[in-house]
Structure formats: structure tokens, C-alpha cells
Amino acid sequence: MKKLSTVRVGETENVESAIKRFKRKCQKDGIIGDLRKHEQYEKPSVKKKKKQKAAIKRNKKRA
């Protein structure tokens, strides 16, 4: 089970800065990327092809 991201708001802190901190924390924890990945079902064969393309692209960058 994943731990939920939480942000404590100080008494003198305004809500806007707390929201910014929460968004940054979600970004760092990878929650947003995970949500985008699970928005739509992807067949295993499509996942495999994407993974292979990413590996090829990575190897081309190194060379």
C-alpha cells in the first residue's frame, strides 16, 4: 500500500503556498505520472512495444 502525500499547513502560512508544496510533493512522489499511466488500459503487447522503443531510444542517445 502506498503512503499518501500529506502537507501540514502552519498557522501563519497561506493556503496557496501549501497547495504549491503539495503539488511539488506529489510530483516528487510520482503520483501524477502514475495517475496518467493508469488513465486508460494498455494491452500487455502495447506496453512491451513501448518499453522496447524506449530502450532503443536510450541506446541511440548513448552512442
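I began with Glu42, which is partly exposed at a relative accessible area of 25%. My scale, run with a 1.4 Å probe on protein chains only, calls a residue buried under 20% relative accessible area, exposed over 50%, and partly exposed in between.

Before going on, I noted that this is a predicted model, where local features need pLDDT of at least 70, side-chain atom pairs count only at pLDDT 80 or more, and totals for chains, interfaces and linings use all residues. I also noted that residues are numbered from 1 along each chain as its sequence is written, and that side-chain values use heavy atoms, with hydrogens and water left out.

**Charges**

Which residue does Glu42 form a salt bridge with? I found Lys50, with the closest N and O atoms 2.6 Å apart. I count a salt bridge when a side-chain nitrogen of Lys or Arg is within 4 Å of a carboxyl oxygen of Asp or Glu. Side chains of opposite charge can pair when their charged atoms come close.

By this rule I get two salt bridges. Glu13 also forms one, with Arg21, at 3.1 Å between the closest N and O atoms. I looked up the cover here too: Glu13 is partly exposed at 24%, and Arg21 is partly exposed at 32%.

**Helices**

Helix 1 covers residues 15-29 and reaches 21 Å from its first C-alpha to its last, close to the 21 Å expected. That expected span is 1.5 Å times one less than the number of residues. Just after helix 1, Gly30 takes a positive phi of about 85 degrees.

Thr6 sits in the segment before helix 1 and is exposed at 54%. Thr6 and Cys26 are 20 residues apart in sequence, and their C-alpha atoms are 9.1 Å apart in space.

**Whole chain**

How much of the chain is buried? I read 5% of the 63 residues. The C-alpha atoms fill a box of roughly 50 × 30 × 20 Å along the principal axes.

Note on methods:
Helix = DSSP H or I, 4+ residues; strand = E, 2+ residues; numbered from the N terminus.
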